[in-house]
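Let's walk through this one together, question by question. Have the viewer open and follow along as we go.

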Amino acid sequence: MGSALGLAHANDMPTYRLTAREGRFEPAELVVPRGQKFRLEITNAGRDPVEFESLELRKEKVLAPGVTSSLVFRPLDAGRYRFFDDFHQTTGQGAIVAK
């Protein structure tokens with residue numbers, strides 16, 4: 001029963017979705033509540049590999065074409081946190097905005 005409670009707690013974490021396609025992120029800006037842990041689900045809907053990376057948030061994830069994966073983020077202070085696709089740095093730019 002303890003594991004069921006833990007699973008329910010994990011499911012209560014808000015999940016935000018980000019799609020990488022042809023060197024761009026959709027949406028390019030995600031707004032999340034400050035001070036709350038959250039999950040970011042990233043889908044590579046393109047034909048090339050992508051690497052979600054944020055130096056400010058110390059997160060990175062490489063995804064092959066057609067792959068979906070998640071990252072869990074600690075509660076953020078209010079602010080704007082840049083992320084990019086390391087394989088498409090010119091076009092693959094975005095931000096997580098904690099309000």
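Q: Which residue is the bridge partner of Phe52 in E8?
A: Keep in mind throughout that this is a predicted model. Strands E5 and E8 run antiparallel and pair over two bridges. Within E8, the residue bridged to Phe52 is Asp85.

Q: Which residues have the most contacts inside the largest nonpolar core?
A: This core has 20 residues. E1, E3, E4, E5, E7, E8 and E9 each supply at least two residues of the core. Phe52 touches, among others, Leu18, Leu40 and Phe73, setting aside residues up to four places away in sequence. The residues with the most contacts inside the core are Leu18, Leu40, Phe52, Phe73, Leu76 and Ile96.

Q: Which strands stand at the edges of the open sheet, each with a single partner strand?
A: The open sheet has four strands in the order E2-E1-E4-E7, with mixed pairing. Each edge strand has a single partner, so one side of it is left without a neighbour in the sheet. Those edge strands are E2 and E7.

Q: What is the bridge partner of Thr15 in E4?
A: Strands of a sheet pair through backbone hydrogen bonds, either parallel or antiparallel. E1 and E4 take the parallel sense, over six bridges. In E4, the partner of Thr15 is Arg39.

Q: Is Ala20 buried or exposed?
A: Ala20 belongs to strand E1, which spans residues 15–21. Beyond its neighbours within four places in sequence, Ala20 is in contact with Phe25, Thr43, Asn44, Ala45, Gly46 and Val50. Its relative accessible area is 2%, and the cut-off for that class is under 20%, so Ala20 is buried.

Q: How many Å apart in space are Ala20 and Asn44, C-alpha to C-alpha?
A: Asn44 is one of the contacts of Ala20. The two are 24 residues apart in sequence. In space, their C-alpha atoms are 4.8 Å apart.

Q: What is the omega of the cis peptide bond that joins Glu26 and Pro27?
A: Most residues other than glycine have a negative phi, and most peptide bonds are trans. The bond between Glu26 and Pro27 is cis, and Pro27 is found in the loop between E2 and E3. Omega is about -10°.

Q: What is the phi of Arg58, which is not a glycine?
A: Arg58 sits in the loop between E5 and E6. Arg58 is exposed, with a relative accessible area of 78%. Its phi is positive, at about 55°.

Q: Where is Glu22 found?
A: Glu22 has a positive phi near 50°, though it is a residue other than glycine. At 42% relative accessibility, Glu22 is partly exposed. Its place is the loop between E1 and E2.

Q: How much space lies in the largest cavity?
A: The count is one cavity of 30 Å³ or more. Its lining includes Glu22, Asn44, Val50 and His88. The space in the largest cavity is about 30 Å³.

Key:
Residues are numbered from 1 along each chain as its sequence is written. This is a predicted model: local features need pLDDT of at least 70, side-chain atom pairs count only at pLDDT 80 or more; totals for chains, interfaces and linings use all residues. Side-chain values use heavy atoms; hydrogens and water are left out. Buried means under 20% relative accessible area, exposed over 50%, partly exposed in between (1.4 Å probe, protein chains only). Contact means heavy atoms within 4.5 Å. A nonpolar core is a set of buried Ala, Val, Leu, Ile, Met, Phe, Trp, Tyr and Cys residues joined through side-chain atoms within 4.5 Å. Two strands pair if DSSP finds at least two bridges between them. On a 1 Å grid over the protein atoms alone, a cavity is a set of points where a 1.4 Å probe fits but cannot get out, and a pocket is an open set with protein on both sides within 12 Å along at least five of seven lines; lining residues have an atom within 4 Å of a point. Grid points are joined across faces, edges and corners, and a volume is the space filled by probe spheres set on the points.
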